[in-house]
Each structure stands twice: as C-alpha cells, then as structure tokens.
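Good morning, and thank you for coming.

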Amino acid sequence: MESLTLSSYLNRKYVREKLLEINEKVSSVLEASKIAYRNQLSPIIFKNVDEKRFPLAMNTVFSRDVFKRELNVKNDTDLYLKFLNALNSPIKLSEDALENYYVEKDISLADLPILKFYPKDGGKYVTSSIVLAGDGEGNYNASIHRLMVIDDRRVAIRIVPRHLYRMFSKFKEENKHLPVVILVGTHPLITLCASFSPPYGVYEMEVANSILGGSMKAAYIGETEIPTPLVSEFIFLGKLRYDLEVNEGPFVDILETYDIVRKQPVIEIEEIWVRDGGGIFQEILPGGVEHKLLMGFPREVSIWDSVRKVVPEVKAVRLTLGGGGWLHAIVSIKKQTEGDGKNAILAAFSGHPSLKHVVVVDEDIDVNDLNDVEWAIATRFRADRDLVMIKNVRGSSLDPSAENSLTTKVGIDATKPLDKSQESFEKVKL
C-alpha cells in the first residue's frame with residue numbers, strides 16, 4: 001500500500017463528493033469552528049482563514065466508514081483484526097531524508113491558521129498534533145496532544161501520565177529538555193494509529209507502517225534519533241522544556257465540557273518544515289464527531305478483543321456519540337449460554353477501564369440504531385436479573401460526576417433469556 005498523505009486522502013472521489021470548500025474569508029476565532037461544528041458529517045477545506053497562506057482542513061474523519069474504505073474491509077471484525085494484527089506486528093520505518101520531501105520555511109506559529117474553538121478556551125489550540133519522542137534507550141512514542149499557543153514559537157502541551165509523560169519525566173530528572181517532533185496534517189489512518197495506546201516500547205508509527213504494508217519512510221531526527229514518518233503536511237522540531245510550566249486551559253474535552261486549568265510544560269518550536277508542494281494545516285474539532293471517532297475506535301478494538309476471550313462470537317462494538325465516544329458502549333454478541341451477557345459486560349469494563357455504562361445485546365439488534373437498542377432493553381432486560389452494578393471503582397477522569405475519579409459502573413444484559421420461547425422476543429418485520 002502506498003504511503004498515504006492528507007492531500008491524497010482529500011483527493012479521493014468519495015471524500016471530494018462530500019467535501020465543503022469555503023473560499024470566503026473566515027475568522028480563526030470561533031467562526032471556523034462554528035462552521036465545522038454545524039457540518040460535522042462533511043470534510044471541510046477553509047481556503048482563507050484570517051488571510052493565512054495555508055488552507056485548513058477539518059472534519060477529515062467524518063464517518064467510521066472512512067476506516068473501512070481506506071483499508072478496503074467490509075465488516076467490523078476484519079477492521080478490528082487489521083489493527084490487532086498491526087499492533088502485534090509493527091514494522092520499522094525505512095530511512096530517507098527529510099529534505100527529499102520537505103522545505104524548511106521561515107515561518108512561525110503566527111503564520112498558521114490555528115483556531116480558537118469555543119468562547120471559554122484558554123487561547124488558540126493546535127488539536128491534530130501528533131507528538132513524537134524517544135527515551136534515549138531505543139523506545140519511541142507517538143500520541144496526540146492538544147497544544148495551546150503561547151506565542152510565535154511556544155506552546156503549552158497537555159500531558160497525561162502515559163508514555164510521553166514517562167519519557168519527559170526521565171529527562172526532567174536529568175535536568176534535560178526532551179527532544180520532540182510534531183506532525184500536523186496527516187492521513188486519517190496515521191492519526192488513528194497515534195490514538196492507540198499499545199504497551200511501552202511499541203511505537204505507534206511502526207503500527208501505522210504495518211497497516212500500510214511497510215511503505216512508510218522516516219527521517220531519524222535529533223539526539224534520540226526519533227523515527228519521523230515523512231507523511232505529514234507539517235513537521236515541527238522542538239524541545240519539551242523540563243524547567244518551564246504555564247497555565248493551560250480551559251479547553252473542551254471529548255464530553256463537550258470544559259477541562260480545568262492546570263500547570264503544564266512548554267514546547268519550544270525550533271524549526272517548521274512544510275511538505276514540498278503541500279502545506280494543508282489540520283484541526284480536530286474538540287468534542288466533535290471526528291474527535292470521538294479517533295479516541296473511541298481504538299477502545300472499541302480493545303473491548304472487542306477482551307469480550308471475544310469470554311464469549312465465542314462478538315458481532316460488533318460501538319462507543320456511542322452520546323456517551324462522548326468514551327463512556328457508553330453497546331456490545332452485540334451471539335449468545336450461546338446463560339451468563340454470556342454478564343461475562344461480556346465484565347470483559348468490556350476490563351477492555352476499556354474508563355467505560356461507565358455498557359449494554360449487551362443479541363446479534364439481531366443493530367448497534368448503530370439506538371432505538372433498536374432501547375427496544376432490546378425494554379423487551380429483554382429485567383433489572384432484578386440482568387443488571388450488573390459495580391460501586392466505587394476507578395472510571396474516567398473526564399467524567400464530571402465522578403468523585404476523585406471513582407464512580408459506579410452499570411452493565412445491562414439486554415440479551416434474550418435462553419430458557420424462554422425465543423419467538424416471544426422476535427421483533428416483527430415486513
């Protein structure tokens with residue numbers, strides 16, 4: 001498979017058929033984000049944001065079908081297996097020169113169409129940024145982080161205690177800045193792979209390379225020799241400073257609520273490289289459909305993999321948009337014995353620890369149709385028999401109802417009881 005870019009993706013026929021091109025001038029403060037918010041099921045190109053020289057792409061992942069079409073698979077099972085196989089068999093990137101694909105530009109963050117999305121945001125934010133780093137011991141990480149613009153060359157980065165945090169902490173203990181590379185403007189499959197959370201030492205860009213059949217090339221950059229895939233529209237080179245923190249936020253998270261203000265470290269941008277002949281900037285609408293699909297899909301894969309270990313056949317998994325693509329799941333199974341539904345509930349919570357509520361349904365229920373799911377709850381669920389409640393367990397830090405991240409998790413087994421006539425549970429069809 002060819003090494004895919006954002007530009008090549010936006011030129012695909014099925015994408016162009018849905019593409020909205022906004023040629024008139026729009027403001028980077030609230031106006032562009034409002035247009036994107038109102039058109040979340042359409043990819044958008046803004047040609048003129050505050051008269052900046054680079055166009056802006058938004059809503060690039062406008063449907064979960066994008067993943068299937070880009071990987072040429074027809075069903076959920078094949079899609080899940082594609083990513084699980086790639087996670088288990090990452091492929092190292094072959095080496096090439098940055099200068100063969102990019103031109104270093106004498107530009108700063110002020111020259112880019114960076115947006116302020118919502119009224120209470122702490123500033124303008126880069127939201128599609130894939131941050132690459134290495135620990136100096138041969139381990140690398142790629143993850144998506146929001147970057148709040150401080151000035152023309154500095155951003156505050158929101159870091160949670162995962163792999164980038166671990167690398168940063170190691171360098172901070174040695175009073176050293178952590179070298180970083182930031183990719184902006186990537187093909188949906190590259191962005192999606194950066195949204196996965198494999199074990200430490202599994203490099204997400206090598207997972208992407210496996211998905212793409214080993215076609216990705218990389219420049220090895222900086223003292224930690226970060227394998228930097230040559231696939232993005234922009235590449236920022238910089239350092240994550242160990243000695244400087246600023247207030248970051250407020251900012252809207254995946255649940256469409258404002259995250260708090262907290263002290264976060266600063267990245268200094270030292271160089272900006274632009275793809276030769278390219279330069280499409282990219283933003284992801286916070287709390288939008290694209291945000292939820294990119295964050296939620298990797299957890300669907302994890303839930304599917306966890307549930308299939310305790311139930312013989314898992315048909316589909318959906319993290320619902322109403323649950324932020326994060327807190328609510330629907331799992332469809334082929335029930336064979338009593339207890340399959342409850343086992344699926346427990347496995348789903350294990351596969352995605354942030355999950356708060358899960359509904360398990362039979363294979364005849366369409367997980368994409370919430371009315372169908374509600375019908376299953378109404379006709380097949382009995383609270384005294386089919387409710388699973390787990391109190392005082394760790395949930396999601398994003399859940400505003402949690403106390404010190406502790407919550408109560410609820411599972412609903414809305415599968416048909418096998419000891420009763422199955423005909424009485426069949427939905428009429430014409």
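I begin with a definition: two strands pair if DSSP finds at least two bridges between them. With that in hand, consider Glu95, which stands opposite Ala218 in S12. The strands concerned are S4 and strand S12, residues 217–221, which run parallel and are joined by 2 bridges. Please bear in mind throughout that this is a predicted model.

Let me place that pair in its sheet. S4, S12 and S13, in that order, make up an open sheet of 3 strands with mixed pairing. Its edge strands are S4, residues 94–95, and S13, residues 226–229, and each of these pairs on one side only.

I now step back to the chain as a whole. Its secondary structure amounts to 12 helices and 23 strands. The radius of gyration is 22 Å, close to the 22 Å given by the globule rule for 430 residues, so the chain is as compact as a globular protein of that length. Along the principal axes, the C-alpha trace spans about 75 × 50 × 45 Å.

How much of the chain is buried? Of the 430 residues, 57% count as buried. As for contacts with a separation of 6 or more, 71% of them are between residues 24 or more positions apart. The accessible surface comes to about 18,400 Å², and carbon and sulfur atoms account for 47% of that area. Regarding charge, there are 55 positive and 61 negative side chains, and the centres of these two sets lie 3 Å apart.

Let us return to the strands. Strands of a sheet pair through backbone hydrogen bonds, either parallel or antiparallel. A second open sheet has 4 strands in the order S1-S2-S3-S18, again with mixed pairing. S1, residues 20–22, and S18, residues 281–282, stand at its edges with a single partner strand each, so one side of each is left without a neighbour in the sheet.

The hairpin has 5 residues between the two strands, and Gly136 takes a positive phi near 85 degrees in it. Is S8 largely enclosed or open? Since 4 of the 5 residues of S8, residues 140–144, are buried, this strand is largely enclosed by the rest of the structure.

Val155 belongs to strand S10, residues 154–157. Because its relative accessible area is 1%, and the cut-off for buried is under 20%, Val155 counts as buried. Which residues surround Val155 beyond its neighbours within four places in sequence? Its contacts there are Leu109, Leu147, Met148, Val149, Ile150, Pro265, Val266 and Ile267. Of these, Val266 deserves a remark: it is 111 residues away from Val155 along the chain, yet their C-alpha atoms are separated by 5.6 Å.

The other residue is Glu300, in helix H9, residues 289–307. Glu300 is likewise buried, with a relative accessible area of 2%. Setting aside neighbours within four places in sequence, Glu300 is in contact with Arg64, Tyr80, Val317, Arg318 and Leu319.

Finally, some backbone geometry. Asn72 lies in the loop between helix H4, residues 65–71, and helix H5, residues 76–88. Its phi is near 55 degrees, a positive value in a residue other than glycine. Asn72 is exposed, with a relative accessible area of 63%. Asn175 also has a phi near 55 degrees, and is located in the loop between helix H6, residues 163–173, and strand S11, residues 178–184. With a relative accessible area of 54%, Asn175 is exposed.

Where in the chain is there a cis peptide bond? Such a bond joins Gly249 and Pro250, with omega about 0 degrees. Pro250 is in the loop between strand S14, residues 234–248, and strand S15, residues 251–252.

That concludes my presentation, and I thank you for your attention.

How values were computed
Residues are numbered from 1 along each chain as its sequence is written. This is a predicted model: local features need pLDDT of at least 70, side-chain atom pairs count only at pLDDT 80 or more; totals for chains, interfaces and linings use all residues. Side-chain values use heavy atoms; hydrogens and water are left out. The radius of gyration is taken over C-alpha atoms; the globule rule is 2.2 Å times the number of residues to the power 0.38. Buried means under 20% relative accessible area, exposed over 50%, partly exposed in between (1.4 Å probe, protein chains only). Contact means heavy atoms within 4.5 Å. Accessible areas come from the Shrake-Rupley method with a 1.4 Å probe; for residues, only the protein chains shown count as cover. Lys and Arg count as positive and Asp and Glu as negative; His and the chain ends are not counted. The place of a charge is taken as NZ of Lys, CZ of Arg, CG of Asp or CD of Glu.
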